[in-house]
Amino acid sequence: MRHVSLDHLEPGQVLAKSIYASDGRTLLNQGVLLTPGMINKLYRIGVTKIYIKDDRFEDIKVEEVVSEETRREAISQVSNVMECVQEGKDFDTTSVVKTMTNVIDEILAQKDVLLNLDDIRTKDNHLFIHSLNVCIMSTVIGVSLGYSISKLKELALGALLHDIGKVMKVTDDPLRRYTQEGNHHAWIGFNILRKRHELSLSSAHIALQHHEHVDGTGEPRSLKSVEIHEYAKIVAVTNFYDNLISPLTPEPTLLPYQASEYLMGLAGKKFDHEIVIQFLRSIALYPTGSSVQLSTGEIGVVVGQHKGLPSRPVIRVFKESHSSGRGKFDYDGTEVKEVDLGRETTLFIDSILKS
């Protein structure tokens with residue numbers, strides 16, 4: 001399968017990964033033949049990229065640190081929690097705690113797999129996809145830092161619910177009294193989570209401090225490095241990164257390698273340097289299935305990753321490929337080769353293509 005921009009989709013192509021709603025329902029099933037009407041619907045709901053089937057890449061499997069079943073379950077649960085908060089209802093986090101245990105177990109079993117953040121985001125599910133991505137990325141960092149299982153659970157729960165304050169409206173006086181410190185969603189989220197007996201105060205502090213910066217320029221309290229909980233320092237990095245690569249945020253969308261370079265430039269300034277280093281070792285800068293052009297001018301698709309070398313994946317190159325314009329390519333040749341950038345140290349990826 002290949003990762004393709006919606007702008008380069010053609011009717012008759014086959015969807016390779018299912019698209020889900022915020023409650024876990026399937027919007028479009030894997031294997032469906034895409035029609036013009038379906039493609040238009042994808043545009044309307046905010047989808048920008050999908051995976052399509054391609055016989056030339058049928059052996060490509062995107063390795064996941066967390067299974068699709070567990071991801072769907074977690075997205076459904078965080079959606080339910082936020083819906084309850086929005087409606088002023090009580091919510092039960094028991095099932096969330098259980099799912100976070102599954103998330104941690106799966107991440108520990110896949111420690112050598114790089115993160116491919118390739119969920120198909122829609123206007124309906126983007127907040128919940130974001131929450132889960134931040135949770136998974138943060139937990140991966142926690143594992144690399146040697147956290148115990150109990151600390152990983154605190155981190156995962158707080159990361160999953162870090163944006164819970166965003167869904168509560170702050171318009172009337174009773175709610176203003178409830179938030180105590182103002183209307184910033186970090187305070188609102190903290191005041192919601194600190195009252196949950198099943199969550200630790202450390203988890204609640206993630207919601208409060210995930211927009212703080214180590215240089216004191218963050219929000220809502222302008223805390224400096226030693227004043228910020230380490231969990232919150234981790235989530236500050238993963239939250240920032242996921243917003244950079246999301247196509248549904250107001251800021252221009254960056255590709256993973258661009259977002260990583262941007263993040264590195266802020267290490268030691270806004271973000272803890274060691275946490276940024278640990279994070280960048282875990283992210284696939286060129287996700288599996290991406291179409292790329294090499295420094296030689298050759299064009300191919302990312303088919304494999306190296307743990308510890310996130311910028312040096314394995315590329316399947318079509319020797320007779322030719323470009324049909326920047327951001328798009330055709331490959332009509334039959335001769336192929338695989339280029340392992342972990343071994344070919346003089347070759348580099350020049351650009352990511354959209355098709």
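Author: A polar contact is a pair of N or O atoms within 3.5 Å; within protein, one of the two must be able to donate a hydrogen and the other to accept it. The model discussed here is a predicted one.

With that term in hand, consider Thr238, which lies in helix H9 (residues 230-245). The side chain of Thr238 reaches the backbone oxygen of Val235 at 3.3 Å. Thr238 has a relative accessibility of 0% and therefore counts as buried, since the cut-off for that class is under 20%. Apart from neighbours within four places in sequence, the contacts of Thr238 are Val134, Met137, Ser138, Ile141 and Phe279.

From H9 one may turn to the loop between H8 and H9, where Pro220 is found. Glu219 and Pro220 are joined by a cis peptide bond, with omega at about 0 degrees. Ser222 also belongs to the loop between H8 and H9. Although Ser222 is not a glycine, its phi is positive, at about 55 degrees. The relative accessible area of Ser222 is 42%, so this residue is partly exposed.

Helix H8 (residues 201-209) in turn packs with helix H5 (residues 149-160). Two packed helices are described by the angle between their axes and the distance between the axes. Here the angle is about 35 degrees and the axes are 8 Å apart. The crossing of H5 past H8 is right-handed. On the side of H5, the residues that meet H8 are Glu154, Leu155, Leu157, Gly158 and Ala159, while H8 contributes Ser202, Ser203 and Ile206. Sorted by class, this contact comprises four nonpolar residues, three polar ones and one charged residue.

Finally, there are the strands. Strand E6 (residues 299-304) is largely enclosed by the rest of the structure, because six of its six residues are buried. E6 pairs with strand E5 (residues 291-294) in the antiparallel sense, over three bridges. Four residues separate E5 and E6 in a hairpin, and Gly297 in the turn has a positive phi of about 95 degrees. E6 also pairs in the antiparallel sense with strand E7 (residues 314-318), over four bridges. Gly300 in E6 illustrates both pairings: Val292 stands opposite Gly300, and Gly300 stands opposite Val317 in E7.

Notes
Residues numbered from 1 in each chain as written. Predicted model: local features only at pLDDT ≥ 70, side-chain atom pairs only at ≥ 80, totals over all residues. Heavy atoms only, no water. Axes fitted to C-alpha atoms, helices over the stretch in contact; angles between N-to-C directions. Helix = DSSP H or I, 4+ residues; strand = E, 2+ residues; numbered from the N terminus. Left-handed = near helix turned anticlockwise from the far one by under 90°. Contact = heavy atoms within 4.5 Å. Nonpolar A, V, L, I, M, F, W, Y, C, P; charged D, E, K, R; others polar. Buried < 20%, exposed > 50% of the residue type's maximum accessible area, 1.4 Å probe, protein only. Pairing = 2+ DSSP bridges.
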